[in-house]
Structure formats: C-alpha cells, structure tokens
Amino acid sequence: MPFDLVTIPCLSDNYAFLLRDQDSGAVALIDVPEAGTISAKLKELDWTLTDIWLTHHHDDHIQGVADLTANHPARIYGAKADAHRLPALDNALVEGETFKFGGHDVQILDVSGHTVGHIAFYVPAAKTVFTADSLMALGCGRLFEGTAAQMWESMQKLMKLPPETIVCSGHEYTQSNAKFALTVDPKNDALISRSREIDQARKDNKPTVPSTLSLELQTNPFLRPADPGIRAQLGMENATDTQVFAEIRARKDSF
Ligand code: ZN
Ligand code: FE
C-alpha cells in the first residue's frame, strides 16, 4: 500500500492517526486530542504535516489544533454542519463530497449519532476509514446528540465499505466493549476469540485499534442487529433492525 498509517495514543484513551501518501509526501492528521505527542511524532518521523481532518467537535478531538498549527501549519478539514463549533476550517465538507489527498480521493460520509455532524473520512486507495466516535472497535459512540435510528443509518453506510477496510476509531474502549458484547452475543465464537486477543493485547499494553471492517462485521454487536443469535438473546426475534440496535445501545449505556 502506498501509504503509511501511524496510530498515536493521546490523553488517557484517545487515538489520533497520521496517514502519509508515499508518492506525494502529503501527511494527514486525523483528530487532534493534544499537540505535544503529535508534534513529537512528526519530528521523530521527519514528516511535514499538510492536512488536519476533524471528525467532530468534542474537545478531546480538537483541543490540540491551535497549539499544533502554531508549529505545524496545515489545511483544516471538517464538517460544514459543525463549522460553528470547530476550529476555523479551510475546507468545510458535506456528505458525499470528495477531496484530494496527494493524488487520491477522500470521501466524506455523514455518520451522525454520537454528535449530529460527525463525519468519517474514507480513503479507498488506502483501504482505510477514520470513524472516530461513530463505529468503534467492538462498539459505537454514545448517543449525545443523535438518535439510535440515526446511528444505525450511519453504521449501515460504513457496513457497505469493502470488508478489508481498516477501521481507525477514536478511543481505546475495546476491552470494556468486549465485555458488553459478550452479554448480547455470548455464543459468537469469533467474538469469544477476539475478546481473548484483546485481553492479551491490553495486558501487553498494545493498542486494539485499528481493526478491520470484516472483523467488526463478525463481532461488533452494533453491526449485527439482524443476527438471529443476538435477537434470541434479547428476545426480539420479530423486531426491526433499528429496534434491536436501539436496545443494544440502551443496554450498553447502563452496562
Ligand atoms: Zn466524541
Ligand atoms: Fe471522543
């Protein structure tokens, strides 16, 4: 793949990502939880930042922008719908829009639910999608602004991407997500073995992010409301996918 992808742990449990296009040398940073660690990583790699892509307005995803751009000027991309609560944008983006990164397309998906205006950045040539607090490893973001129906619609957009797509989400929440997932999908062998791998990774202090869409499709209950095993576990055999999704989200909130 003509791209380099670097995961940067930030704050207590956030992730920022650097994506570098090897042909052009363009470097995108996805979300800016803090400036210091990211600036140090850029220095270590000797990369020049060209783009900052913001997924949503929460502080833990944008609060490092001012400090970082003081030393690493870059074009800032974010959702037009959130322009009033994001740092000043050079490019205000809407659903379905495509922009260029190096010579490659970046596609914008509206993945509202956690917030209204949350976007995902999909880079087909890199087989990578940056989902932050929408689709997460074994989970999905809490519904602070949107409805369960909205989040389920967002999940379905992401489910249509190629299964080999690398999913870069915004937090290290996977271990607790796995504990919850097992309560609604206890007989899923793929989930049981993933959960063991996650426990081992966390014991070794390794990140569990990014994951792949195919793994999420097999194990993430928030992508599986149609699954007969989950429906049986919840006693919701005849409910709609949206109703099952909403029930899973509600149970997770009180887990
Ligand atoms: Zn958030
Ligand atoms: Fe967050």
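Let me begin with a term: a residue is called buried under 20% relative accessible area, exposed over 50%, and partly exposed in between, computed with a 1.4 Å probe on protein chains only. By that scale Arg20 is partly exposed, with a relative accessible area of 22%.

Please keep in mind that this is a predicted model, in which local features need pLDDT of at least 70, side-chain atom pairs count only at pLDDT 80 or more, and totals for chains, interfaces and linings use all residues. Residues are numbered from 1 along each chain as its sequence is written, chains are lettered from A and ligands numbered from 1 in the order in which they are written, and side-chain values use heavy atoms, with hydrogens and water left out.

Now to the salt bridges, meaning a side-chain nitrogen of Lys or Arg within 4 Å of a carboxyl oxygen of Asp or Glu; the structure holds 15 of them.

Arg20 pairs in this way with Asp4, the closest N and O atoms being 3.1 Å apart. Asp4 belongs to strand β1 and Arg20 to strand β2, so the pair ties together parts that are 16 residues apart in sequence; helices (H or I, at least four residues) and strands (E, at least two) are DSSP runs, numbered from the N terminus. Asp4 is also partly exposed, at 23%.

Next, Asp185 forms a salt bridge with Arg224, with 3.2 Å between the closest N and O atoms. Asp185 sits in the loop between α5 and α6, and Arg224 in the loop between α7 and α8, 39 residues apart. Both Asp185 and Arg224 are buried.

Finally, salt bridges that share partners join Asp82, Arg85 and Glu145 into one network.
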